Amino acid sequence: MAKVEPGNIMNEDQDESLEDCPSDCPKDGREEDSCIFCKIVQCSAPSHKIYEDDLSLCILDVNPFTRGHCLVVPKRHVPWWHELSDEENASLFRVAKIVSERMMQELSPDFVCMYARGRRIAHTHIFLVPTYRGDVLDRFFNALELFQESPPELAALREEKAMEDVAGLLRMEK
Ligand SMILES: [Zn+2]
């Protein structure tokens, strides 16, 4: 049985043309040369582009969980979403919202699931998945949420003392 692996993004055998690549796309060749999302941003790899602004690009995921599953990536190679500049962060979530509203209008899902992980491809990518009750990702997250309550090592984390300790670490001074 195939493993469900969020983040399984690109196939090697894509053959879409690059004819939509704008002539002013960035081509700055750095260590990110091997990054598939940088290649897509630089138009040296194919993609189905959905929407973009100056800082972010939305494309179809080539291994969709549901019809219309998209990824939003920053145009700069930033491994983790919390390393984005404030401007990139604002752009990424603005583009995600614009595309999600379009998904709701055109595909009528129950809602659009959003998450960011990036263990496999360390270039920030936000998953936007039109979600319907009982679809693959819906079942996956339902199972994960049930699992969340069961392992003994997680039970220790929700003890009151442990919760107070970590809250104390994470709270910011105002
Ligand atoms: Zn990259």
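**View 1. Confidence across the predicted model.** The mean pLDDT (the predictor's confidence in each residue, from 0 to 100) of the protein is 85, and 81% of the residues reach 70 or more. Because this is a predicted model, local features need pLDDT of at least 70 and side-chain atom pairs count only at pLDDT 80 or more, whereas totals for chains, interfaces and linings use all residues. Residues are numbered from 1 along each chain as its sequence is written. Over residues 1–19 pLDDT stays under 50, and for this stretch the model has 24 contacts beyond four places in sequence, two residues being in contact if their C-beta atoms, placed from the backbone, lie within 7 Å. Where pLDDT is low, the predicted coordinates should not be read in detail.

**View 2. The five-stranded open sheet.** The strands follow the order β1-β2-β3-β5-β4 with antiparallel pairing, where strands (E, at least two residues) and helices (H or I, at least four) are DSSP runs numbered from the N terminus, and two strands pair if DSSP finds at least two bridges between them. At the edges are β1 (49–52) and β4 (111–116), each of which pairs on one side only, and from one strand to the next the twist averages 20 degrees. Strands β3 (residues 70–74) and β5 (residues 126–131) are joined in the antiparallel sense over three bridges, with V72 opposite I126 in β5.

View 3. Helix α2 (residues 86–107) lies across β1, β2 (56–60), β3, β4 and β5, and runs at about 15 degrees to β5; axes are lines fitted to C-alpha atoms, for helices over the stretch in contact, and angles run from 0 to 180 degrees between N-to-C directions. V99, found in this helix, is buried, because 20 other C-beta atoms lie within 10 Å, and the cut-off for a buried residue is 20 or more such atoms around its own C-beta, all placed from the backbone. Leaving aside neighbours within four places in sequence, V99 is in contact with I50, Y51, C58, C70, V72 and L128. The C-alpha atoms of V99 and Y51 are separated by 7.4 Å, although these residues are 48 apart along the chain.

**View 4. The largest nonpolar core.** This core has 23 residues, and those with the most contacts inside it are V72, V99 and L128; a nonpolar core is a set of buried Ala, Val, Leu, Ile, Met, Phe, Trp, Tyr and Cys residues joined through C-beta atoms within 7 Å. At least two residues of this core come from each of α1 (36–41), β2, β3, α2 and β5.

Note on methods. A residue is buried if 20 or more other C-beta atoms lie within 10 Å of its own, exposed if 12 or fewer, and partly exposed in between; C-beta atoms are placed from the backbone.
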